[in-house]
Amino acid sequence: MTEAITTLKADQFAGSAEVPTISMIGTRAMLFEAPGAFTLACQRRIWALMDACSERPDIAEVMPGVTNLMLIFSIPPENPETVACWLRKAWETLPEKHIKGRLFEVAVRYGGELGSDLPRVAEHCGMSPQEVITLHQAPLYTVCALGSVPGFGYLHGLDPRLETPRKSVPSLKMLAGTVTIGGPQAGISALTGPNGWNSIGFSDLVMFDPEREPPALFEVGDQIRFYAESIEV
């Protein structure tokens, strides 16, 4: 059964181009979507809003995403518009939350059978595969949110020159550990299965292990730097 989605209007903010979108999903869930592009500054404000929402007694759970935040209420709110107004004011006034996470140095076997989309990414970007690899290794990435599948971290920091659309026909069995590019984001597959992101390499890092505590390797705020263990182009 599909739950109804109702967007809550923000008439008092109508003069601003930077207005968040807030929607009720069913009766107990509310989705806050930040305006603007996917930036680290925007994500840090999402983290700050997450903390503020966690302190409200009427909110049972908060789930941060990429430039969005899902709220689960303990009981359906009597007046969702009041909560939405509080969210908008908090968004406008809260300072960014900085998280000092751990640093992971991730060895990558670039190209080859497990990085088979590297030539596609290179062609799309008008570069050689080696240039793609060099640019991919250069930044320090930040885990902005966990989701999609258990243990998957959405990484901020990809060089805009490497932005490549996701594949129209997904790979049916992309292995866990595959190093990927999807649009403006980088990632590492956490579980084996269908995946539309572009595979450019492979890492032996175990992103999700249900017998580990915690099961997910990455946490929000962690930082990742990739380096080449080997290159096959």
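The structure is a predicted model, in which local features need pLDDT of at least 70 and side-chain atom pairs count only at pLDDT 80 or more, while totals for chains, interfaces and linings use all residues. Residues are numbered from 1 along each chain as its sequence is written, and side-chain values use heavy atoms, with hydrogens and water left out.

Gln 185 belongs to strand β11, which covers residues 185–188. Helices (H or I, at least four residues) and strands (E, at least two) are DSSP runs numbered from the N terminus. Leaving aside residues up to four places away in sequence, Gln 185 is in contact with Phe 38, Val 66, Tyr 154, Leu 155, Leu 158, Thr 180 and Trp 197; contact means heavy atoms within 4.5 Å.

The largest nonpolar core holds 36 residues, and the members that touch the most others are Leu 162, Phe 218, Ile 224 and Phe 226. At least two residues of this core come from each of β6 (103–111), α3 (118–125), α4 (129–137), β7 (141–146), β8 (153–156), β10 (178–182), β11 and β14 (223–232). A nonpolar core is a set of buried Ala, Val, Leu, Ile, Met, Phe, Trp, Tyr and Cys residues joined through side-chain atoms within 4.5 Å. For Phe 218, the contacts are Arg 102, Phe 104, Val 143, Leu 146, Ile 188, Leu 205, Met 207 and Ile 224, again not counting residues up to four places away in sequence. Another core, of 21 residues, lies apart from the largest one and has Trp 47, Met 50, Leu 69 and Phe 73 among its members.

Salt bridges, in which a side-chain nitrogen of Lys or Arg is within 4 Å of a carboxyl oxygen of Asp or Glu, number seven. One of them joins the side chains of Asp 51 and Lys 97, at 3.0 Å from N to O. Asp 51 lies in helix α1 (residues 40–54) and Lys 97 in the loop between α2 (80–93) and β6, so this pair ties together parts that are 46 residues apart in sequence. Asp 51 is partly exposed at 32% relative accessibility, and Lys 97 is also partly exposed, with a relative accessible area of 26%.

Arg 56 and Asp 58 form a salt bridge with an N to O distance of 2.8 Å. The relative accessibility of Asp 58 is 23%, which places this residue in the partly exposed class. In a further salt bridge, the side chains of Arg 109 and Glu 229 meet at 3.8 Å, N to O. This pair links distant parts of the chain, with Arg 109 in strand β6 and Glu 229 in strand β14, 120 residues apart. Arg 109 has a relative accessible area of 27% and is partly exposed; Glu 229, at 46%, is partly exposed.

Helices α1 and α2 pack with their axes 10 Å apart, at an angle of about 130 degrees. The axes are lines fitted to C-alpha atoms, for helices over the stretch in contact, and the angles run from 0 to 180 degrees between N-to-C directions. This makes α1 oblique to α2, since angles under 35 degrees count as roughly parallel, over 145 as roughly antiparallel, 65 to 115 as roughly perpendicular and the rest as oblique. The residues that meet are Cys 42, Arg 45, Ile 46, Leu 49, Ala 52 and Cys 53 in α1 and Trp 86, Leu 87, Ala 90, Trp 91 and Glu 92 in α2.

Most residues other than glycine have a negative phi, and most peptide bonds are trans. A cis peptide bond joins Glu 213 and Pro 214, with omega at about -5 degrees. Pro 214 is in the loop between β13 (198–202) and β14. Thr 67, in the loop between β4 (59–65) and β5 (68–73), has a positive phi near 60 degrees. Thr 67 is buried, with a relative accessibility of 14%. Ser 148, in the loop between β7 and β8, has a positive phi of about 70 degrees. At 64% relative accessibility, Ser 148 is exposed.

Technical notes
Buried < 20%, exposed > 50% of the residue type's maximum accessible area, 1.4 Å probe, protein only.
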